[in-house]
Amino acid sequence: MSSFLFVMQTDAYQGLKIQEALDQVLITAAFDQSVSLLLLDDAVFHFYKNQRNEQIACKDIAAIYRSLEIYDIEQIYVEQESLIQRGLIQSELLIPVTLISRKDLATTLNKFDCVLSA
């Protein structure tokens, strides 16, 4: 079994890119691959509990993130500096995550067979 890390960096509601990336994540996991996520930069807003997507007429991605456990996607990383820079704290996030520091990114990336930008 290969290990995949999907790295997300863009805001949640910028077109279909994120929806397509999440589809790739779920499809990969459905084929019994080891899948993890890493959210950096504006992507940390994906996990913000108080999203109001109905105001911009977009699909609620929070429901997809809450279903990750069903697909055995349990390793979810968020860069701590990205949270701090955007004024967020871990308790404001939708699901449990593992915080990693920017200095530990290279070590984390090297743990996976395949790293994909999503």
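**Close-up views of the predicted model**

Figure 1. The side chain of threonine 28 comes within 2.8 Å of the backbone oxygen of glutamine 24. This is a predicted model. Threonine 28 belongs to helix H1, residues 17-30, and is buried at 16% relative accessibility. Leaving aside residues up to four places away in sequence, threonine 28 touches Phe4, Phe6, Gln33 and Val35. Phenylalanine 4 is 24 residues from threonine 28 along the chain, and the C-alpha atoms of the two are 8.3 Å apart.

Figure 2. Strand E3 spans residues 75-79; 4 of its 5 residues are buried, so the strand is largely enclosed by the rest of the structure. Strand E2 (residues 34-39) runs parallel to E3 and is joined to it by 4 bridges. In this pairing serine 36 is opposite glutamine 75 of E3. Strand E4 (residues 98-100) also pairs with E3 in the parallel sense, over 3 bridges, and here glutamate 79 is opposite isoleucine 100 of E4. Between E3 and E4 the chain passes through helix H3 (residues 80-85), giving a right-handed β-α-β crossover.

**Figure 3. Salt bridge between glutamate 79 and arginine 102.** The closest N and O atoms of arginine 102 and glutamate 79 are 2.7 Å apart, and the two residues form a salt bridge. Glutamate 79 is in strand E3 and arginine 102 in the loop between E4 and helix H4 (105-109); the pair links distant parts of the chain, 23 residues apart.

Figure 4. The whole structure contains 3 salt bridges. One of them joins the side chains of aspartate 42 and arginine 86, at 2.8 Å from N to O. Aspartate 42 is in the loop between E2 and helix H2 (62-66), and arginine 86 is in the loop between H3 and E4, so the pair ties together parts 44 residues apart in sequence. Aspartate 42 is partly exposed, with a relative accessible area of 32%; arginine 86 is partly exposed as well, at 23%. In another salt bridge, aspartate 104 and lysine 103 have their closest N and O atoms 3.6 Å apart. Aspartate 104 is partly exposed at 31% relative accessible area, while lysine 103 is exposed at 70%.

Figure 5. A search of the whole structure gives 2 aromatic pairs. Phenylalanine 47 and tyrosine 65 form an edge-to-face pair, with 4.6 Å from centre to centre and 80° between the planes. Phenylalanine 47 lies in the loop between E2 and H2 and tyrosine 65 in helix H2, so that distant parts of the chain, 18 residues apart, are linked. Phenylalanine 47 is buried at 0% relative accessibility, and tyrosine 65 is buried at 1%. In the pair of tyrosine 77 and phenylalanine 112, the ring centres are 6.5 Å apart and the planes stand at 80°, so this pair is edge-to-face. Tyrosine 77 is in strand E3 and phenylalanine 112 in the loop between H4 and strand E5 (114-117), so the contact ties together parts 35 residues apart in sequence. Both tyrosine 77 and phenylalanine 112 are buried.

Notes: Residues are numbered from 1 along each chain as its sequence is written. Side-chain values use heavy atoms; hydrogens and water are left out. Buried means under 20% relative accessible area, exposed over 50%, partly exposed in between (1.4 Å probe, protein chains only). Helices (H or I, at least four residues) and strands (E, at least two) are DSSP runs, numbered from the N terminus. Two strands pair if DSSP finds at least two bridges between them. A crossover is right-handed if, with the strands pointing away from the viewer, the path from the first strand over the helix to the second runs clockwise. A salt bridge is a side-chain nitrogen of Lys or Arg within 4 Å of a carboxyl oxygen of Asp or Glu. Contact means heavy atoms within 4.5 Å. A polar contact is a pair of N or O atoms within 3.5 Å; within protein, one must be able to donate a hydrogen and the other to accept it, and residues adjacent in sequence count only if both atoms are side-chain atoms. Rings of Phe, Tyr and Trp (its six-membered ring) pair if their centres lie within 6.5 Å; planes under 30 degrees apart count as stacked, over 60 as edge-to-face and the rest as tilted.
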